[in-house]
Amino acid sequence: MPLLSRRDLLASALAVLALTRPARAIHRCAHHARHHRAGGPHPTPRPGVNASKVIPDTELAETPEAIPAFDEVRQVPEVVDGIRCQCGCSSREGYYSLLSCYEGEAMARYCEICQGQGRLAFRLHRAGKSLDEIRAAIEARFG
Amino acid sequence: MAPRRTAVLLATVALALPPAVLRAQVRASERATVSQTVDGTTITVNYSRPRLRGRTVIFGKQVPWTEIWTPGADMATTLAASKDVTIDGHPVPKGKYSVWVQFDAPARWTLVLDRDTTLFHTQGPKARDGQIRFPARVEQAPPAEVLTWSFPEVTATRMRLEMAWEKVRIPLEIKVQPTHTIAVAPEIGRRLEGRYLLHMVPDPADTVPSPTAARPKADTTFTVRYVDGHVSARMDPPFDVGYEDWVLVRVTDDWYFLGRTDREGLSEVWDFFTLEFDVKDGRATGFEIREKNDHLLGTAVRSGG
């Protein structure tokens, strides 16, 4: 059976994707994002914060698509800790910042909004953007 | 002793019954809720549904012209708006209201929204500060046995809420605040103008079985124009039949979502893909297209224009 790249499929069927998007398992956080538009201030990065609590790749066997996001967040915990997650999860117990989404139960395993914010933070930080610029970009795209 | 024993038995049975059974009640006007969301704004109407039950004339008889009437029964009908809206062009701040109709004359009805949502239908509010009042359109309609609130029309920017009972209906046009706008300043829009070659990034490791043996053409031409204050784009070949023409919805700086329009304006926004244009010396040199999780889907380079 011929194989087709997922990206090739996307290129040919973005329309279909869009139509079926609501039925796809985007994860409930996407639903939260629509309705909560998670507002509120961004947290102040905690002095000395590190990525020691970010779950390891060995715990991501069921969601390998999330591994790049976790790998990148591990490299910039002090940036990610200054971002309020826009997916609507920020009211849950024990939450401090977007970094919390990558720790413990790590909802970023399933939430593409958490993944997108983490990866975007990494990419913009690497491009030399300030934390405020990164926050603004995340709010614009995910808020 | 027998009556006392009976009373104890009844009390015991009552206590033993599950709460749901105790609450169960047949009502002449059963409670109902109807809700509609448009562009993130949700309108919810909670009301009781009286039935004609053999009555042929309600307005002017069962509901006298002197009355301020809740379009429902029992507890006043409520309307909740999750964000600011306009109803028939009148601003209605977000919040919950009881809904009333003031009959000024048989053919002249006024819709009243009152902040007190705990009123019984016999407690029609007097005119007071904070109330929203505007003339209601009253239309003749096919006979309706049960009073019904519904949303018979929905678009990307508005919804029609309608109350129908007996032989009349009251349509209400509700417009929401749009989340997105397609208006772009000329100096921002014109720097994107031109033709781009969009190449979808291959990812050999990420493959799924193909439904057909045919491999789609991966590259497409993406032609951007700034027209009438907005940025339009045309794909050739398109992703799919009917998906040739797009409008770019600005997210921030030079980032855009793909959008589609109809005769009323913006009808759909694909916020799960972001086009990130790279602008150098006031002119876009290309763009990346990324998924919600920031995976790179494709890259485009300027090829002309």
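Reply: Let's begin with A:A106, which sits in the loop of chain A between α4 (77–80) and α5 (112–126). Keep in mind that this is a predicted model. The phi angle of A:A106 is near 50°, a positive value in a residue other than glycine. Is A:A106 buried or exposed? A residue is called buried if 20 or more other C-beta atoms lie within 10 Å of its own. A:A106 has 20 such neighbours inside 10 Å, so it counts as buried.

Now a word about confidence in the chain around it. Chain A averages a pLDDT of 81, and 73% of its residues score at least 70. Within chain A, confidence is highest in α4(A), at 98, and lowest in strand β1 (residues 3–5), at a mean of 38. The pLDDT is below 50 over residues 1–28 of chain A, although this stretch has 53 contacts in the model beyond near neighbours in sequence. Residues 30–37 of chain A also stay under 50, and here the model has 14 contacts beyond four places in sequence. Where pLDDT is low, the predicted coordinates should not be read in detail.

B:E166 lies in strand β11 (residues 158–176) of chain B, and B:E166 has a positive phi of about 55° although it is not a glycine. B:E166 is buried because 20 C-beta neighbours fall inside 10 Å.

A positive phi turns up in a hairpin of chain B, too. There, β1(B) and β2(B) are separated by two residues, and B:D39 in the turn has a positive phi of about 50°. The strands β1 (residues 30–38) and β2(B) run antiparallel and are joined by nine bridges. One place to look is B:V34, which stands opposite B:V45 in β2(B).

Which strand holds the bridge partner B:L79 of B:V45? The strand is β4(B). Four bridges join β2(B) to β4 (residues 78–81) of chain B, and these two strands run antiparallel. Seven of the nine residues of β2 (residues 41–49) of chain B are buried, so this strand is largely enclosed by the rest of the structure.

B:P237 belongs to the loop between β15 (230–236) and β16 (245–252) of chain B.

Note on methods:
Residues numbered from 1 in each chain as written. Chains lettered and ligands numbered in written order. Predicted model: local features only at pLDDT ≥ 70, side-chain atom pairs only at ≥ 80, totals over all residues. Buried ≥ 20, exposed ≤ 12 C-beta atoms within 10 Å, placed from the backbone. pLDDT = per-residue confidence, 0-100. Contact = placed C-beta atoms within 7 Å. Pairing = 2+ DSSP bridges.
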